[in-house]
Amino acid sequence: MAILKLYEYPHPVLKKKAEKVAEVNDEIRKFLDDMLETMYASNGCGLAAPQVGVSKRVVVIDIAHEGEEANPIYMVNPVIIWKSEETEICEEGCLSVPGQRAEVERPAMVRVEYLDYNGKKQELLAEDFLAVAVQHELDHLEGVLYIDKISRLKRQMLLKKLEKFRKEKA
């Protein structure tokens, strides 16, 4: 396994719509393993392929808290097939927008179809924080970041903070 390079806003790969994966094979499984290792090394709870510079419809998620047993979800070609009308507001962050957080309103529950690590078709009903993580990561596959879902003013303020954060880190 390998830790992959994370791409940060405003890299163009993050705005590109990802391509469907033809089949889940050993190459895709190795990529899923590398993505998961990268996500864990970065203290993330989700990672989409575009965030590591690969424009493919591949996502890994693990919302287990520190001290809990890892429970990774591997999603290839995921599609939301149902969204609840009820929404929730949750504070989100993103490995591609480091050090920043903002409140985003999303459907409280979603049902997702996808291929798992072995290429078997699966369906997941996600609610609570898992629903947020799933929607956040699937947005990446469409070239959408959580900062695209907040008001223009909040986004401008967040991007100024991001610039400051990067200067302080450098």
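**Pocket lining and ring contact exercises**

By class, six nonpolar, eight polar and four charged residues line the second largest pocket (nonpolar: Ala, Val, Leu, Ile, Met, Phe, Trp, Tyr, Cys, Pro; charged: Asp, Glu, Lys, Arg; polar: the others, Gly among them). The model is predicted: local features need pLDDT of at least 70 and side-chain atom pairs 80 or more, while totals for chains, interfaces and linings use all residues. Numbering starts from 1 along each chain as its sequence is written, and side-chain values use heavy atoms, without hydrogens and water.

**Exercise 1.** State which element gives the most to the lining of the second largest pocket.

Step 1. The lining has 18 residues, with C45, G93, C94, R101 and F129 nearest the centre (pocket: open set of 1 Å grid points for a 1.4 Å probe, protein on both sides within 12 Å along at least five of seven lines; lining: an atom within 4 Å of a point).
Step 2. β4 and α2 (128–141) each supply at least two lining residues (DSSP runs: helices H or I, at least four residues; strands E, at least two).
Step 3. α2 gives the most, six residues.

**Exercise 2.** Describe the aromatic pair and explain what it ties together.

Step 1. There is one such pair in the structure: Y74 and Y117, tilted, at 4.7 Å centre to centre and 55 degrees between planes (centres within 6.5 Å; stacked under 30 degrees, edge-to-face over 60, the rest tilted).
Step 2. Y74 belongs to strand β3 (residues 73–83) and Y117 to the loop between β6 (109–115) and β7 (121–127), so the contact ties together parts 43 residues apart in sequence.

Definitions and conventions: Rings of Phe, Tyr and Trp (its six-membered ring) pair if their centres lie within 6.5 Å; planes under 30 degrees apart count as stacked, over 60 as edge-to-face and the rest as tilted.
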